[in-house]
Amino acid sequence: MAIGMDIGSTRVRIAHGHGTGQATVIEAVLARDLPAGSAADGEVADPDLVATVIEDMMSELGVRARECVCAVGPPVASLRLMQLPRMSAIDRERAARIDVERRLGRAASDVVVRTTRVEGSPDNYLVGAVAGKALRSRTDALRRAGLRARAVDFEGAALLRAFPRAEAVLDIGMARITLHVLPNGVPTTLWSATGGAAITAAIGEELGLEERAAEARKRSIGVVGAGEGAFGEIVAEASTLIRSARRRGCPIERIVLFGNGSRIGGLRVALERGADVRTVMERPTGLSTGAYPDDVAMVGAADWGLAIGLARWERR
Amino acid sequence: MIAFDFLHDPRTVLLERLRAYRVPRRLATAAIALATVTVVVGVGWSVERSRALDAERSVRRLRVEDTALRARLAGEKLEAAEVSDLGALDGRLRAIASSGSRFRARMVALAKEMPRDVWLVSLTDDGGRLAVVGRTQRLASVATAMTRLSGKRFGWASLDHVARLERQGGALLEFSFSIGAR
């Protein structure tokens, strides 16, 4: 039994399936909005509130499994490839920590650093770094909901498991645009601190609407007549990320869109023009065809993909 | 497919970390001795723990049996008390039955031995003695009745009271005497 738990800034999604790893078949996906302010900037600000929502969802799901896999991503976590000579595990961890501190420009006192060898290449290691507070807040929320974190994966790795045929996945979230690419089997993540919330704020400001009304307008009619400037900035940011990835040797021609921000009307066309790339919405791999026909899966894909990828997590 | 875990180290890393801790040669014997003692103590502890668990299970089972036996014993005691009560009841019933026949015999004797000019007003069983109240015209008839009854089905008789009934014009005497049961 596999459970993937995507705790986002505004929503929690749970994917439940049978089997392990790539053989997992997702039978049910649940998504529920989080109360405002309960999670932000990659951290769970109010674990009790989030735990209550998760508990309610698990009770609706009606499964006995208590173990789940959740994820962390930018800006609180990073994953990168490092080449290291033969050395002891302790020395390797020290080396990885020094590298993380060099990249952060400060002492990584509350940063959890883990290394794992890339299969088939003895000198290549994946180095993951995550803010201790972000990791603890997630596991704490799960513990309060009566669950246990089997693992905490990196968002990029989970998304690339959900969309294994994709050259790259562009995640347009509320406050972040993230591009995940997989050159040579190692996920590379580029991100920018802007997202759908910027368009909502612009619509609200231009039309004098409160946040909820501006969000409803954005979802229903897009950026027609308001928020066009912010929309253009987001397209430009996303295009910059794609070009940046190309400069790093990732020939991106086709990109899978993910995140609720990718549903904004006109975004796909603008992005295709801006970055010269073909954009698609793809059915997440592993989602049961019996339980979720193609039309339903395509509508939900932008929201459920990460939870589905997490449910397909497998210990190596 | 890449699958990372920020929460746990991979097993290979854990093994490498264990291998990294090497024991100095001069402490090897002590370390081996300590490890051996630990293993022996561990095995002993496991055996004792297993036995303790068995003993706990036996105690639990015996406690349940003890409770059941106590319940059965209480039941038996109740039944014994019932049998005892029934025995007492039987004795009482027998006494009542036998006393009924004795009383009947006494009544027959009273009727036979009482002179014709004596009328009995009341008979009371007073703790084994029979109190007789009656009326007659002659005091001698009372004496005759007492004499006849004494020594037959009754014990000794004692005259308690004799008085003339004034409201009957002084023609009648009221008397009372008691006779013991034999």
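Trainee: What makes helix α7 of chain A lie across strands in this predicted model?

Mentor: Contacts do. Residues are in contact if their C-beta atoms lie within 7 Å. Helix α7, residues 228-247, lies across β11 (168-172), β12 (177-181), β13 and β14 of chain A.

Trainee: At what angle does α7(A) run to β12(A)?

Mentor: At about 25°. The angle is taken between N-to-C directions, on a scale from 0 to 180 degrees.

Trainee: Which sheet holds β11, β12, β13 and β14 of chain A, and what is its order?

Mentor: An open sheet of five strands, ordered β13-β12-β11-β14-β15, with mixed pairing.

Trainee: What makes β13(A) and β15(A) edge strands?

Mentor: Each pairs on one side only. That holds for β13 (188-192) and for β15 (278-280) of chain A. Neighbouring strands of this sheet are turned by 25° against each other on average, direction ignored.

Trainee: How do you know that β14(A) and β15(A) pair?

Mentor: Count bridges. Pairing needs at least two. Strand β14 (residues 254-258) and β15 of chain A have three, in the parallel sense. So they count as a pair.

Trainee: Why is β2(A) called mostly covered?

Mentor: A residue is buried if 20 or more other C-beta atoms lie within 10 Å of its own. In β2(A), residues 11-18, six of the eight residues are buried, so the strand is called mostly covered. For chain A, buried residues make up 47% of the 316 residues.

Trainee: What makes β1(A) and β2(A) a pair?

Mentor: The cut-off is at least two bridges. Strand β1 (residues 2-7) and β2 of chain A have six, in the antiparallel sense, so they qualify. Met5(A) has Ile14(A) as its bridge partner in β2(A). A hairpin joins the strands through three residues.

Trainee: How many bridges join β2(A) to β3(A), and which way do the strands run?

Mentor: Eight bridges, and the strands run antiparallel; β3(A) covers residues 25-33. Val12(A) has Arg32(A) as its bridge partner in β3(A). These strands form a hairpin too, with six residues between them. In that turn, Gly19(A) has a positive phi of about 95°.

Trainee: How many residues does each chain give to the contact between A and B?

Mentor: Chain B gives 15 residues and chain A gives 31. The chain B side divides into nine nonpolar, two polar and four charged.

Terms used
Residues numbered from 1 in each chain as written. Chains lettered and ligands numbered in written order. Predicted model: local features only at pLDDT ≥ 70, side-chain atom pairs only at ≥ 80, totals over all residues. Buried ≥ 20, exposed ≤ 12 C-beta atoms within 10 Å, placed from the backbone. Helix = DSSP H or I, 4+ residues; strand = E, 2+ residues; numbered from the N terminus. Contact = placed C-beta atoms within 7 Å. Nonpolar A, V, L, I, M, F, W, Y, C, P; charged D, E, K, R; others polar.
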